[in-house]
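Here are my notes on the model you sent. Please read them with the structure open.

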Amino acid sequence: MLHERLRLESKCGSNAHTSALNRTIAAIKSLYNYLCEQTEDEHGNTYMTRNVSRLIHIRKKNETLHYRAAQLEGKLFLGDETKAFLEFVEHNYENSISNRARTSFKKNKIRDLAILSLFLSSGLRCAELVGINLDDLNLEAGKVSVMRKEGKKDVVPIARFSHKYINDYFVIRSSIDTEIQAFFITDYDQKIRKISNASINKLVAKYSEAYKVRVTPHTLRHTFATRLYNVSHSQVLVSNQLGHSSTKPTELYTHIVSAEAKDALNKL
């Protein structure tokens, strides 16, 4: 772990490596939990008898929710910016790119708008969006079936503003003759494939950077959650929509939506 910490510090900087290191530790802990607890043979013996990963401790970030919210707030497309971002991609993005890039953009424009709008209208994780199949989508009911973490199935409501974008792509996708059931696909070198997480990360970064600031699909998830909490003021509703097992992760959004605190400070 010391070797990994030093490697990440040289790559990311001393203050930016903690999350990456924690993900590595979590993966190791998950592996050892499996080897020590879930690999019983017919005699009840597991592959390993001692879980040494318990000796490795995850170093928590020394950040308050207020600090995290302040760092995140400038990267969110809140209020009318959600609509403005989609309209920018639809009408203005192609004016800022080369002719060669414009050809590729026009080919995937309707699909990319469907992806962006689905992130911003449902709060799905990137892996959940990638895993959607054609028969998982029900636009009449405004819902999509997804596979959450740990293999849990869920049905997620979709905000109405995205239905047009998703339906436009659905018409095109339904006409493509392929055995691949994935809803979002890519056609590269005359081969149709299920779109990858990496491809979605790249397209989100590309469009968001051209509009305002470079973000990730998870930042779009934060945008949706913040907007939903701003409207509902319900941590339970936001938690259920995001697929969290508790309301604790949604506490972050109560700090981003802090109009009451700002009003109180202005009165001092």
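1. In what order do the 3 strands form the open sheet, and is the pairing parallel or antiparallel? The order is β1-β2-β3, and the pairing is antiparallel. Strands here are DSSP runs (E, at least two residues) and helices likewise (H or I, at least four), numbered from the N terminus; two strands pair if DSSP finds at least two bridges between them.

2. This is a predicted model, in which local features need pLDDT of at least 70 and side-chain atom pairs count only at pLDDT 80 or more, while totals for chains, interfaces and linings use all residues. Residues are numbered from 1 along each chain as its sequence is written, and side-chain values use heavy atoms, with hydrogens and water left out.

3. β1 (137-138) and β3 (153-157) are the edge strands, each with a single partner, so one side of each has no neighbour in the sheet. β1 is joined to β2 (residues 143-147) by 2 bridges. L137 lies opposite V144 of β2.

4. Helices α5 (residues 99-122) and α8 (residues 197-211) pack at about 90°, with axes 11 Å apart. Axes are lines fitted to C-alpha atoms, for helices over the stretch in contact, and angles run from 0 to 180 degrees between N-to-C directions. α5 is therefore roughly perpendicular to α8 (under 35 degrees is roughly parallel, over 145 roughly antiparallel, 65 to 115 roughly perpendicular, the rest oblique). In the contact (heavy atoms within 4.5 Å), α5 contributes F105, R111, D112, I115, L116 and F119, and α8 contributes I200, L203, V204 and Y207.

5. The axes of α9 (residues 217-232) and α10 (residues 235-242) come within 9 Å and cross at roughly 150°, which means that α9 is roughly antiparallel to α10. Residues of α9 including F224 and L228 meet residues of α10, among them L237 and V238.
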